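Subject: Structure handover

Hello,

Here is the structure for you to pick up. My notes on it follow below.

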Amino acid sequence: MEDLEFLNQALTLQGELKKFSSKKLVGFQNRYWVIGDGGRLLAYYEKKPSLNDKPKDAFEITTIQNVRADPKEKKEFHFEMGGHHYRLKAPSAELRDKWVKALIVLKDYNLKTLKRGETQSPDKTGSCLLYTSPSPRDRQKSRMPSSA
């Protein structure tokens, strides 16, 4: 089972990463990346978003494939999504490794919860409320006045 502490960190991971553009004379561009929707989405913006900003693009994490650290470039990592190759550069090798691990762990977590038919993400404590038996009030007849 995934480390719950890391899973909770991954659910709120965000920060500036450089995204490589294959357009001539562009190279890497600063983008602000956010894991959102309870760990189900990866989105990026031109800059750190304000409350109502729309992302440039967003992906369901379950559709991301081949997440991997670049063996030659210490700060870079790659993934594929929808037939496109994404090449990103983190500010440090440690942050690169954190993003790679977060995407892999969240994809695995999301696929497992989808398989079980769950829709909730874990809360910060890793606990959940479970309704196990009716309360005495549930056993009583309706307290609503009769319409007769």
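By nonpolar core I mean a set of buried Ala, Val, Leu, Ile, Met, Phe, Trp, Tyr and Cys residues joined through side-chain atoms within 4.5 Å; buried stands for under 20% relative accessible area. Note that this is a predicted model.

The largest nonpolar core has 27 residues. Inside this core, the residues with the most contacts are Trp-33, Ile-35, Leu-42, Phe-59, Ile-64, Phe-79 and Leu-103. Two or more residues each come from α1 (4–10), β2 (27–36), β3 (41–45), β6 (76–81), β7 and α2 (93–116). The largest share is that of α2, with 7 residues.

On α2 itself: this helix has 24 residues and spans 35 Å from its first C-alpha to its last, close to the 34 Å expected at 1.5 Å a residue. Its buried residues are Arg-96, Trp-99, Val-100, Ala-102, Leu-103, Val-105, Leu-106, Tyr-109, Asn-110 and Thr-113. Among the elements that cover them are α1, β1, β2, β3, β5 (65–69) and β6. After α2 comes Gly-117, with a positive phi near 80°.

The second largest pocket holds about 250 Å³ of space. Its lining consists of Lys-19, Phe-20, Ser-21, Ser-22, Lys-23, Asp-57, His-84, His-85, Tyr-86 and Arg-87. Both β1 (14–21) and β7 (84–89) give two or more residues to this lining, and β7 gives the most, with 4 residues. By class, the lining residues divide into 2 nonpolar, 4 polar and 4 charged.

Regards

Note on methods. Residues are numbered from 1 along each chain as its sequence is written. This is a predicted model: local features need pLDDT of at least 70, side-chain atom pairs count only at pLDDT 80 or more; totals for chains, interfaces and linings use all residues. Side-chain values use heavy atoms; hydrogens and water are left out. On a 1 Å grid over the protein atoms alone, a cavity is a set of points where a 1.4 Å probe fits but cannot get out, and a pocket is an open set with protein on both sides within 12 Å along at least five of seven lines; lining residues have an atom within 4 Å of a point. Grid points are joined across faces, edges and corners, and a volume is the space filled by probe spheres set on the points. Ala, Val, Leu, Ile, Met, Phe, Trp, Tyr, Cys and Pro count as nonpolar, Asp, Glu, Lys and Arg as charged, and the others, Gly among them, as polar. Buried means under 20% relative accessible area, exposed over 50%, partly exposed in between (1.4 Å probe, protein chains only). The expected span of a helix is 1.5 Å times one less than its number of residues. Contact means heavy atoms within 4.5 Å.
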